[in-house]
Amino acid sequence: MRGFNLLLFWGCCVMHSWERHTGPTLKPTTKDNKCRDSTMCPSHATCTSTVDSYYCACKQGFRSSNGQNHFKDPGVECKGVPFKCKEDVIPDNEQVQQCQERTTVKPEYVSFCAQMNNIFSVLDNVCENKTTVVSLKNTTESFVPVLKQISTWTNFTKEETSSLATVFLESVESLTLAAFLKPSANVTQTVRTDYLDIESKVINKECSEENVNLSLAAKGDKMKIRCSTIEESESTGTTGVAFVSFVGVESVLNERFFQDHQAPLTTSKIKLKMNSRVVGGIMTGEKKDGFSDPVIYTLENIQPKQEFERPICVSWSTDVKGGRWTSFGCVILEASEIHTVCSCNRMANLAVIMASGELTMDFSLYVISHVGMIISLVCLVLAIATFLLCQSIRNHITYLHLHLCVCLLLAQILFLAGIDKTDNQTGCAIIAGFLHYLFLACFFWMLVEAVMLFLMVRNLKVVNYFSSRNIKMLHICAFGYGLPVLVVVISASVQSQGYGMHNRCWLNTETGFIWSFLGPVCTVIAINSILLTWTLWILRQRLSSVNAEVSTLKDTRLLTFKAFAQLFILGCSWVLGIFQIGPVAGVMAYLFTIINSLQGAFIFLIHCLLNRQVREEYKRWITGKMKPSSQSQTSSILLSSMPSTSKTG
């Protein structure tokens with residue numbers, strides 16, 4: 001995106017200064033068109049006929065190699081410009097648009113527009129005088145008056161403040177890049193003021209060798225970037241990097257612009273505070289995410305880090321309401337009392353937020369969920385092996401169990417391995433997409449199991465019910481695997497940026513995209529709860545009247561336990577997540593984590609360990625005995641999958 005945006009510099013100013021540079025003799029005319037030959041002007045230029053001749057003008061986003069707006073010299077080229085003017089940094093919101101209209105500004109916007117126009121005036125000075133050498137020193141000093149008044153930004157709304165910040169940070173970047181265009185910039189420069197420091201380097205021979213690191217410093221902060229990263233920027237013309245550190249910006253763009261959505265809802269409250277200056281990394285060429293080698297930022301702590309505090313590296317993002325702090329793409333490498341080292345996969349405006357508070361509950365939930373999932377994974381592997389190898393229980397129902405187990409196994413493995421892989425934005429989005437699909441598939445297979453269980457109980461007197469109905473597994477698989485694909489495809493088409501967050505590879509919870517998962521899940525939970533309640537009611541009514549083989553099952557406690565366990569197997573316990581609010585949030589968080597992380601263990605316990613036929617198979621495998629010939633077990637096989645009719649021997 002940097003390459004595209006940087007192409008807009010001189011073009012954005014052409015119309016503003018048109019009359020002053022063209023003069024009356026360049027008035028276009030439609031008579032006697034002199035521009036019939038398309039080769040009269042270079043690429044990225046337009047040809048305009050005048051009364052006596054014609055002239056060429058570079059298109060928006062390009063400038064002429066001789067620095068003139070209008071030219072006829074065939075040797076002149078139109079080259080892309082590497083930084084932005086006012087038109088390119090104006091946010092799309094009502095307040096800023098009002099500042100640009102030539103009508104009377106509303107009283108409530110007067111102060112805001114004054115601050116915004118102060119920033120724009122610095123940009124205009126460079127954009128309008130494009131033949132003038134851009135001095136990094138003069139540019140830096142021109143931003144000092146803006147920073148002197150930054151404390152007044154706290155009087156504005158949150159959206160107004162973030163809009164001002166975004167325009168300011170982009171303006172500093174733009175004019176720093178402008179300084180690389182001019183001959184005076186072909187040296188390393190360091191500019192220091194009381195309010196900001198900038199160090200810039202023009203890359204000449206520094207990157208002639210392999211594995212070279214360049215270091216830049218401003219105030220007490222540092223940036224280290226590899227030459228391979230600079231080469232990835234695909235810079236044309238002068239190649240350079242710069243590093244800037246601001247004083248006082250952190251007090252305005254404070255922790256209220258950041259929310260740690262990764263922290264679970266618990267009774268403890270995390271306290272946040274800004275603990276570094278705001279810094280910025282700037283580089284010519286394409287602005288890319290996902291560098292092969294990360295950029296390393298070392299930020300000086302404003303206050304010494306305490307043992308109970310954990311730092312969060314955040315970068316400024318303009319995705320939501322003018323701007324916000326996000327930890328996406330940055331990770332902590334090292335944290336000492338006086339410095340915090342951040343590794344980011346992109347050039348960014350950066351800061352460090354310290355989080356403090358009671359974190360014991362968060363850590364214990366983390367341990368419980370991971371230990372529970374590991375136990376669940378082991379049980380799922382055993383259950384899958386059982387369903388595949390135990391011939392005595394092979395039927396339609398065990399195939400349903402098998403598909404549910406496979407989906408749960410893959411979802412939990414990917415969750416454990418990839419949920420926190422936020423270093424690469426694209427990779428994180430892909431992981432989030434697969435997690436979305438796999439967990440949806442789990443719930444749709446739970447729905448299939450709930451429906452089949454209900455049909456089995458409703459038709460309890462029909463022993464070979466599913467065989468007689470000739471149910472095709474292909475149709476069931478199309479539902480269990482196909483419907484989640486449809487949901488994911490539609491979701492990605494509507495909002496492709498919804499996959500991947502700044503702190504975890506999951507669906508975005510800030511824009512409402514999470515409902516592409518919660519919507520289907522809540523629907524499945526509601527249907528499963530109704531079906532399971534209905535199933536238990538029918539079972540209670542009919543249990544006494546079924547055939548003699550079933551009526552001999554008298555272990556009421558075991559049947560009750562197996563029926564209750566279906567709540568967890570069919571995903572009904574996920575409803576606990578809804579009640580993680582208020583004074584019971586902590587208790588609900590523990591219940592939700594423990595029960596749902598052990599879903600695989602419940603499946604193995606109910607469908608394998610508490611199934612008489614499976615236990616007999618286990619005994620034969622252990623003792624090496626062959627399966628003895630016996631009477632038909634069709635009825636027993638069918639009923640073994642039902643919580644209320646399984647034989648326990």
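Tutor: Before we start, buried means under 20% relative accessible area. Keep in mind that this is a predicted model.

Student: Fine. What makes C41 and C56 a disulfide?

Tutor: The cut-off is sulfur atoms within 2.5 Å, and those of C41 and C56 are 1.8 Å apart, so the pair qualifies. By this rule the count comes to four disulfides.

Student: Why is the disulfide of C41 and C56 called left-handed?

Tutor: Because the torsion about its S-S bond is about -85°. C41 sits in the loop between α3 and β1, while C56 is in strand β2, so the link ties together parts 15 residues apart in sequence. Both C41 and C56 are buried.

Student: How do you know that C330 and C344 are buried?

Tutor: C330 has a relative accessible area of 6% and C344 has 1%. Each value is under 20%, so both count as buried. A disulfide joins the two, S to S 2.2 Å.

Student: And why is C407 in no disulfide?

Tutor: Its nearest cysteine sulfur, that of C442, is 5.1 Å away; a disulfide needs the sulfur atoms within 2.5 Å, so C407 is left out. At 2% relative accessibility, C407 is still buried.

Student: Switching to helix α16, how do you know that its span agrees with its 22 residues?

Tutor: At 1.5 Å a residue, α16 should span 32 Å, and its end C-alpha atoms are 32 Å apart, so the two agree. There's a bend of about 30° at G482, though, with a proline, P484, following within four residues.

Key:
Residues are numbered from 1 along each chain as its sequence is written. This is a predicted model: local features need pLDDT of at least 70, side-chain atom pairs count only at pLDDT 80 or more; totals for chains, interfaces and linings use all residues. Side-chain values use heavy atoms; hydrogens and water are left out. Helices (H or I, at least four residues) and strands (E, at least two) are DSSP runs, numbered from the N terminus. The expected span of a helix is 1.5 Å times one less than its number of residues. The bend at a residue is the angle between axes fitted to the seven residues ending there and the seven starting there. Buried means under 20% relative accessible area, exposed over 50%, partly exposed in between (1.4 Å probe, protein chains only).
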